[in-house]
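Hi,

Here is the structure I said I would send over.

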Amino acid sequence: MPTLRRQLPSANALFVFESAARCGNFTKAAAELGVTQPAVSRMLSLLEDHLEVQLFLRTPNGTVLTENGQILYRGITEGFQSIEKAIQEIRARSTGLETVTLSVSTAFTTHWLMPRMHELQAEFPSLDLRFQLISGSVSGSVEDVDLGVRFVSGEDVHHQAALIMPEILVPVCSPAYREQHVSDKPHDSGVTLISLSDSRIDWFELFPCFQNEASGTAHSLIFSDYAVVLQAALLGQGIAVGWMNIVSHWLDTGALVPATVKPIAIATERLCHLIHSRKKPLSQAAAEVRDWIIDETRKDVAKVAKRYPELELDALTRR
């Protein structure tokens with residue numbers, strides 16, 4: 001920190017620079033900071049003189065960061081975010097609550113977590129749980145959260161990862177839909193295949209049995225939110241690809257059933273992990289939530305494996 005102080009004309013220069021860079025306009029930054037535009041301009045000129053580099057390009061429509069300006073902006077933004085999180089954590093501790101933020105799909109939250117939310121609250125009575133929800137395929141940065149569910153190969157230079165399970169897929173539908181539409185006898189009614197728009201699932205490649213069983217016309221329902229895909233399957237609207245880490249609860253309760261004559265599941269090369277950024281040490285509360293999710297998921301899968309031994313889930317999970 002003493003070195004940093006020597007590299008800046010004033011600590012306030014960081015706040016002025018961040019505001020000007022984010023707003024893209026010195027006048028807007030001045031209004032945000034409650035000072036005059038000349039005051040902002042003077043402070044930024046002092047900062048540029050102190051660093052001996054140009055940080056902004058002045059244009060008729062505002063300002064644009066130079067390459068050096070972009071480097072400084074990234075560093076300041078990351079630093080401010082860390083400070084803000086630390087302050088939030090301190091305030092949360094004063095209330096007796098511990099905050100854990102999860103980056104997960106809306107489907108995971110709706111179809112896996114919500115049915116057992118009372119169990120989570122009983123296990124962690126002082127937990128304040130927050131969500132960054134993703135409607136489609138799970139992806140994106142976990143820099144701003146404590147934990148994220150992602151399909152990755154494992155740990156890397158930026159992230160630590162805890163394995164939940166391999167990616168296991170099984171076609172699912174409601175019991176009533178299966179009774180009406182799934183049979184080893186030829187039929188003309190066809191089936192409706194419910195898909196996630198950005199999953200790139202090829203039904204007949206992954207599950208060749210549909211070539212024979214879906215002897216009628218195969219209709220499609222395509223949604224951008226996997227939570228809606230599963231809701232449609234639960235309501236008897238068709239057959240969906242079930243990600244086992246999400247549909248295990250409904251398979252265990254019988255609300256969803258395997259949607260083929262002979263129950264089938266496949267494992268891909270991907271692995272489902274709970275990951276977090278190495279830049280942010282995992283809190284004790286977040287580590288306990290991580291372990292609870294992993295344990296509950298594996299308990300669910302064990303129950304489904306017992307209910308449907310034909311799926312051979314034990315062998316697939318060992319992979």
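Let me start with Asp146, which is buried, with a relative accessible area of 9%. Keep in mind that this is a predicted model, so every value here is computed from it. Asp146 sits in the loop between strand S4 (127-134) and strand S5 (147-151).

What does the side chain of Asp146 reach at 2.7 Å? That is the backbone nitrogen of Thr101. The side chain of Asp146 also makes a polar contact of 2.9 Å with the side chain of Lys280. If you skip the neighbours within four places in sequence, the contacts of Asp146 are Thr99, Val100, Thr101, Ile275, His276, Lys280, Leu282 and Ala286.

Ile275 is worth a stop of its own. It belongs to strand S11 (residues 266-277) and is buried, at a relative accessible area of 5%. Ile275 and Asp146 are 129 residues apart in sequence, yet their C-alpha atoms are 8.4 Å apart in space. With neighbours within four places in sequence left aside, Ile275 is in contact with Val142, Asp146, Leu147, Gly148, Arg150, Val152, His159, Gln160 and Ala161.

Next, helix H3, which runs over residues 26-33. Which residues of H3 are buried? They are Phe26, Ala29 and Ala30. These three lie on the same side of H3, because they cover an arc of only 100° around the axis. The cover over the buried residues of H3 includes helix H2 (12-23), helix H4 (37-51), strand S1 (56-59) and strand S2 (62-65). On the face turned away from the buried side, H3 carries the exposed residues Thr27, Lys28 and Ala31.

Both ends of H3 have something to show. Asn25 caps the N-terminal end, with a side-chain oxygen 2.8 Å from the backbone nitrogen of Thr27. After H3 comes Gly34, whose phi is positive, near 75°.

Leu33, also in H3, is partly exposed, with a relative accessible area of 32%. Together with Phe15 and Val35, Leu33 makes a nonpolar surface patch of about 250 Å². A residue needs over 30% relative accessible area to be part of such a patch, so Leu33 qualifies at 32%.

Is Glu296 buried or exposed? At 12% relative accessibility, Glu296 counts as buried. Not counting residues up to four places away in sequence, Glu296 touches Trp112, Arg116 and Glu119.

Finally, the chain as a whole:

- The protein chain has 14 helices and eleven strands.
- Of its 319 residues, 45% are buried.
- Its accessible surface comes to about 16,800 Å², and 52% of that belongs to carbon and sulfur atoms.
- Take the contacts between residues at least 6 apart in sequence: 78% of them join residues at least 24 apart.

The pair of Ile275 and Asp146, in contact and 129 residues apart in sequence, is one example to look at when you open the file.

Cheers

How values were computed. Residues are numbered from 1 along each chain as its sequence is written. This is a predicted model: local features need pLDDT of at least 70, side-chain atom pairs count only at pLDDT 80 or more; totals for chains, interfaces and linings use all residues. Side-chain values use heavy atoms; hydrogens and water are left out. Helices (H or I, at least four residues) and strands (E, at least two) are DSSP runs, numbered from the N terminus. Buried means under 20% relative accessible area, exposed over 50%, partly exposed in between (1.4 Å probe, protein chains only). A polar contact is a pair of N or O atoms within 3.5 Å; within protein, one must be able to donate a hydrogen and the other to accept it, and residues adjacent in sequence count only if both atoms are side-chain atoms. Contact means heavy atoms within 4.5 Å. Patches are made of residues with over 30% relative accessible area and no salt bridge: like charges are joined within 9 Å, nonpolar side chains (Val, Leu, Ile, Met, Phe, Trp, Tyr) within 5 Å. Accessible areas come from the Shrake-Rupley method with a 1.4 Å probe; for residues, only the protein chains shown count as cover. A salt bridge is a side-chain nitrogen of Lys or Arg within 4 Å of a carboxyl oxygen of Asp or Glu. The arc is that of the directions from the helix axis to the C-beta atoms.
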